[in-house]
Structure formats: structure tokens, C-alpha cells
Amino acid sequence: MTKRQSRILIACAVWTLYVWISRIVIMSGQDNSAGFKIVHGILAAVSIGFGLAVGKIGWDARRRSAEHEPPTADREPVRSDR
């Protein structure tokens with residue numbers, strides 16, 4: 001997985017967590033039926049679980065790519081005459 005792909009996964013995870021956590025906070029202050037709150041609470045729990053899983057995949061991939069990438073000082077410069 002590339003760094004870009006891992007960043008996209010992390011960004012999606014952060015967005016999902018932001019949306020559903022803020023939705024739970026907003027929903028707690030509203031006067032909705034119990035059924036509405038139960039259904040949306042279950043949706044939030046499942047979505048937060050998926051968000052955490054996707055974030056972990058992205059974070060692990062980012063860490064693995066950083067471990068396997070040599071430091072920039074050890075790289076040879078790219079020659080433009082080829």
C-alpha cells in the first residue's frame with residue numbers, strides 16, 4: 001500500500017468518526033423517539049467500528065512503509081540525462 005493510499009484510509013476514518021460522534025452528541029440533545037435513537041445508535045456503533053478498523057489498516061500501512069523506506073540522505077540523486 002502506498003503512503004497516499006494509507007493517508008486516504010486515515011482521512012476516511014477520521015471523517016467517519018467525526019460525523020458519527022458529532023451525530024450522537026447532537027442526537028442526545030434532541031427529542032426523538034426511542035426507536036430513532038436505538039436505530040441511529042446501532043448505525044453509529046457499526047460505523048465507528050468500521051472507521052476504527054479502516055484507520056488501523058491505514059495507520060499500520062503507513063508505519064510499515066515508514067519502516068521500509070530508507071532515509072532520504074541515503075538515496076542517490078535522480079539523474080536527468082537518462
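Okay, let's start with a pair of residues: Lys 56 and Asp 60 sit 4 residues apart in helix H2, so about one helical turn separates them. Helices here are DSSP runs of H or I with at least four residues, numbered from the N terminus.

A word on what you're looking at: this is a predicted model, where local features need pLDDT of at least 70, side-chain atom pairs count only at pLDDT 80 or more, and totals for chains, interfaces and linings use all residues. Residues are numbered from 1 along each chain as its sequence is written, and side-chain values use heavy atoms, with hydrogens and water left out.

Back to our pair. The side chains of Lys 56 and Asp 60 form a salt bridge, 2.8 Å from N to O. By salt bridge I mean a side-chain nitrogen of Lys or Arg within 4 Å of a carboxyl oxygen of Asp or Glu.

What else does Asp 60 form a salt bridge with? That's Arg 63, with the closest N and O atoms 3.8 Å apart. Asp 60 and Arg 63 are 3 residues apart in H2, so again about one helical turn lies between them. That links Lys 56, Asp 60 and Arg 63 in a network, and the count of salt bridges comes to 2.

Buried or exposed, what is Asp 60? At 17% relative accessibility, Asp 60 counts as buried, while Arg 63, at 46%, is partly exposed. The cut-offs: buried is under 20% relative accessible area, exposed is over 50%, and partly exposed is in between, using a 1.4 Å probe and protein chains only.

Technical notes: Helices (H or I, at least four residues) and strands (E, at least two) are DSSP runs, numbered from the N terminus.
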